Amino acid sequence: MYMFKYIMKRIGLMLLTFTIIIVICFVLIKLLPIVIDVQIGKDADILKAQLEARGYYDPIPIQLFNYIGRVFHGDFGICVNLPEFRNKPVWDVFVTKLPPTVLINVYSTLIAVPIGILLGIFAALKKNKWQDHVVSTGVMLFISVPSFIYAFLVQYILCFLLGWFPITMNSGTEYFTWSMFKSMMPAVISLAFGSIAGYARFTRAELTEVLTSEYMLLARTKGLTKRQATTRHALRNAMVPIFPSIVGEFVAVLSGSLIIEKIFSIPGVGGLYLSAINNQDYDAFMLLSAFYVLVGLAAGIIIDISYGIIDPRIRMGAK
């Protein structure tokens, strides 16, 4: 019962925060002048007529009220200043751009999780030895450097010098072919570096704490070897806080792939978002802003809720 109340409370707070952020974004973007980036002629007249019919020239409070009403009816507006998608529904464009973004993040998570956890376990088992110092130094280096720096290095070394991968992603929608997968790998590798370092640091910290706990000493005194005590007790207890971080990291990394997508010409949501900002396409900007805000808020709430679900000792919301 307490867990249910806590989940409902967190969801309610998330929706309130989401609403406040979206309203602020809407008001700020509407304060900018409306610019239609087409030549004067029939196309411009048609777009202006559609904008007028949708109330784009009304006062901002009325526009906000009308926009919310349209959204509840599944109408997220039309693209105005994006040349490739002009006069097309924003939602349809968003759906076509979503698969590449999701795929590169799924691939990077599948690579980062096992490597990061294994490095963290190795460093914890070799605590205060040279192996631990090497891993910890590498982790701090990879965490400190922004992901787009890795992107440039991957592009130069793996794509240009060694020629293992194409510099940019292939065009088309055949996402599950080997050629397309290979073209995604530079972006996937660039995203994976930071995640690997994060998993390794978190795993090392948790496992080190568990290995020095009293019940581990009791397990050893009962006759278990170090390997048996580590695999049967230490790893299982250390994974309790690590697993929620994996779920949250996957959700959060969606918002971190925005610049990476632009660098590697990934035809995903990130590039579309930057284009919507640069071209002042209001409806596209609002939908994509809502997507990234929701992703960021969902990451936090998923981590908190999963702690209580995975670990029965935690009773969130109980007094």
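Below are some questions on the fold, the helices and a few residues.

Author: Happy to, and one note before we start: this is a predicted model, in which local features need pLDDT of at least 70 and side-chain atom pairs count only at pLDDT 80 or more, while totals for chains, interfaces and linings use all residues. Residues are numbered from 1 along each chain as its sequence is written, and side-chain values use heavy atoms, with hydrogens and water left out.

Reader: How many helices and strands does the protein chain have?
Author: Helices (H or I, at least four residues) and strands (E, at least two) are taken as DSSP runs, numbered from the N terminus. Read from the N terminus on, the elements run α-α-α-α-α-α-α-α-α-α-α-α. The count is twelve helices and zero strands.

Reader: What percentage of the contacts between residues at least 6 apart in sequence join residues at least 24 apart?
Author: A contact here means heavy atoms within 4.5 Å. Among contacts between residues at least 6 apart in sequence, the share that joins residues at least 24 apart is 71%.

Reader: Where in α7 does the kink lie?
Author: Helix α7 covers residues 178–211, and its end C-alpha atoms span only 43 Å, while a straight helix of 34 residues would span 50 Å. That expected span is 1.5 Å times one less than the number of residues. The bend at a residue is the angle between axes fitted to the seven residues ending there and the seven starting there. In α7 a kink of about 40° comes shortly before the proline P186, at M185.

Reader: Which helix gives the most to the nonpolar patch?
Author: Such patches are made of residues with over 30% relative accessible area and no salt bridge, joining like charges within 9 Å and nonpolar side chains (Val, Leu, Ile, Met, Phe, Trp, Tyr) within 5 Å; a salt bridge is a side-chain nitrogen of Lys or Arg within 4 Å of a carboxyl oxygen of Asp or Glu. Accessible areas come from the Shrake-Rupley method with a 1.4 Å probe, and for residues only the protein chains shown count as cover. The patch takes up about 1200 Å², and its members include F148, Y156, W164 and I259. With eight residues, the leading contributor is helix α6.

Reader: Is Y156 buried or partly exposed?
Author: Buried means under 20% relative accessible area and exposed over 50%, with partly exposed in between (1.4 Å probe, protein chains only). Y156 is found in helix α6. Because its relative accessibility is 48%, Y156 counts as partly exposed.

Reader: Which residues does Y67 touch?
Author: Y67 is found in helix α3 (residues 60–72), and at 8% relative accessibility it counts as buried. Leaving out residues up to four places away in sequence, Y67 touches F26, F76, D283, M286 and L287.

Reader: How many Å separate the C-alpha atoms of C25 and A290?
Author: C25 lies in helix α1 (residues 2–30) and is buried, with a relative accessible area of 19%. C25 touches F285 and M286, not counting residues up to four places away in sequence. Along the chain C25 and A290 are 265 residues apart, yet their C-alpha atoms are separated by 9.2 Å.

Reader: What is the phi of S265?
Author: S265 lies in the loop between α10 (258–263) and α11, and is partly exposed at 41% relative accessible area. Most residues other than glycine have a negative phi. The phi of S265 is positive, near 55°.
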